[in-house]
Amino acid sequence: TSICTAHGWLHATTAADYTLGKAGGTVDVVFRVDAGERVRITHITPHEAFSRGAKRVLLAKFKPLTGHIYEAEEADFLFKRALDTGMFSLLDTKVLPDGGSMAEGNLRITGEEAKPVTLGFEPGFDTFLGPQAGVTYKYTNWRDTGNTLAAELSYSMAGPTGFVSLTNPAI
């Protein structure tokens, strides 16, 4: 059933019958797979506990699944992209029947948001640049919009470098 599940037959069942050979001979096994209907994702529902910005990012990341037959490989790819935003420390997805039809599915997303603020300090030494020091600041889900605000400032013998960026992970 795992092969069927990976390709959208989420309600597949299997059964096996066997016949023993005489005097310790072969065992004949017949597997029957009832695949059922393939499931098309009709809705994506993030858990209510997610913030407004997190919901916006999740809906945007998983939107390509809407209206298509569920494929585990594609869902896994989108799942990893959602985790890569740094906004979530834990995510879990489950396809539930939608509208009483076994052929329509609601992708339910649960999990936990990561701490939004990261602050880091970096002292060091480089052969060519000499002593170095830096500070990094990152705020995921800035102002509950789902955007990420990041800033970095480094100093070495070559002079100061840095940047400030505001990125939209929902794109």
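Here are some questions and answers about side-chain packing, charge pairs and contacts in this predicted model.

Q: How many aromatic pairs does a search of the whole structure find, and which residues form the pair?
A: Let's start with the rings. The search of the whole structure turns up one aromatic pair.

Q: How many residues apart are phenylalanine 50 and phenylalanine 88, and where does each lie?
A: Phenylalanine 50 belongs to the loop between strand S3 (40-46) and helix H2 (52-62). Phenylalanine 88 is in strand S4 (residues 88-98). The pair therefore links distant parts of the chain, and under the DSSP-based numbering of elements its members are 38 residues apart.

Q: Are phenylalanine 50 and phenylalanine 88 buried or exposed?
A: The cut-off to keep in mind is that a residue under 20% relative accessible area counts as buried, while one over 50% counts as exposed. Both phenylalanine 50 and phenylalanine 88 fall in the class called buried.

Q: Which residue forms a salt bridge with arginine 38, and at what distance?
A: The structure holds five salt bridges, and arginine 38 takes part in one of them. The pair links distant parts of the chain, with arginine 38 in the loop between strand S2 (27-34) and S3 and its partner in the loop between H2 and helix H3 (72-83), 33 residues apart. The partner is glutamate 71, with the closest N and O atoms 3.0 Å apart.

Q: Why do arginine 38 and glutamate 71 count as partly exposed?
A: Partly exposed covers the range between the buried limit of 20% and the exposed limit of 50%. Arginine 38 is partly exposed because its relative accessibility is 30%. Glutamate 71 is partly exposed because its relative accessible area is 24%.

Q: Which residue meets glutamate 48 in a salt bridge?
A: Glutamate 48 lies in the loop between S3 and H2, and its partner is in strand S5 (residues 101-113), 60 residues apart. Glutamate 48 is exposed because its relative accessible area is 54%. The N to O distance is 3.4 Å, and the partner is arginine 108.

Q: What separates aspartate 76 and lysine 80 in helix H3?
A: The side chains of aspartate 76 and lysine 80 meet in a salt bridge at 3.3 Å, N to O. Aspartate 76 is partly exposed at 36% relative accessibility, and lysine 80 is partly exposed at 48%. Because they are four residues apart in helix H3, the separation is about one helical turn.

Q: What is the nearest side chain of opposite charge to aspartate 98, and how far away is it?
A: Aspartate 98 is found in strand S4. This residue is buried yet has no salt bridge. The nearest side chain of opposite charge is arginine 108, 11 Å away.

Q: With which side chain does the side chain of aspartate 98 make a polar contact?
A: Leaving aside neighbours within four places in sequence, aspartate 98 is in contact with Thr42, His43, Glu104, Gly105 and Asn106. The polar contact between side chains has a distance of 2.6 Å, and the partner is threonine 42.

Q: Is asparagine 106 buried or exposed?
A: Asparagine 106 lies in strand S5. Its contacts, leaving aside neighbours within four places in sequence, include His43, Ile44, Lys94 and Asp98. Because its relative accessibility is 15%, asparagine 106 counts as buried.

Q: How far apart in space are leucine 20 and lysine 94?
A: Leucine 20 is placed in strand S1 (residues 13-20) and counts as exposed at 61% relative accessibility. Beyond its neighbours within four places in sequence, leucine 20 is in contact with Thr26 and Val27. Leucine 20 and lysine 94 are 74 residues apart in sequence, and their C-alpha to C-alpha distance is 40 Å.

Q: Which backbone nitrogen does the side chain of asparagine 168 reach?
A: Asparagine 168 lies in the segment after strand S9 (159-167) and is partly exposed, with a relative accessible area of 30%. Not counting residues up to four places away in sequence, asparagine 168 touches Arg56 and Asn147. At 3.0 Å, its side chain reaches the backbone nitrogen of alanine 170.

Terms used: Residues are numbered from 1 along each chain as its sequence is written. This is a predicted model: local features need pLDDT of at least 70, side-chain atom pairs count only at pLDDT 80 or more; totals for chains, interfaces and linings use all residues. Side-chain values use heavy atoms; hydrogens and water are left out. Rings of Phe, Tyr and Trp (its six-membered ring) pair if their centres lie within 6.5 Å; planes under 30 degrees apart count as stacked, over 60 as edge-to-face and the rest as tilted. Helices (H or I, at least four residues) and strands (E, at least two) are DSSP runs, numbered from the N terminus. Buried means under 20% relative accessible area, exposed over 50%, partly exposed in between (1.4 Å probe, protein chains only). Lys and Arg count as positive and Asp and Glu as negative; His and the chain ends are not counted. A salt bridge is a side-chain nitrogen of Lys or Arg within 4 Å of a carboxyl oxygen of Asp or Glu. A polar contact is a pair of N or O atoms within 3.5 Å; within protein, one must be able to donate a hydrogen and the other to accept it, and residues adjacent in sequence count only if both atoms are side-chain atoms. Contact means heavy atoms within 4.5 Å.
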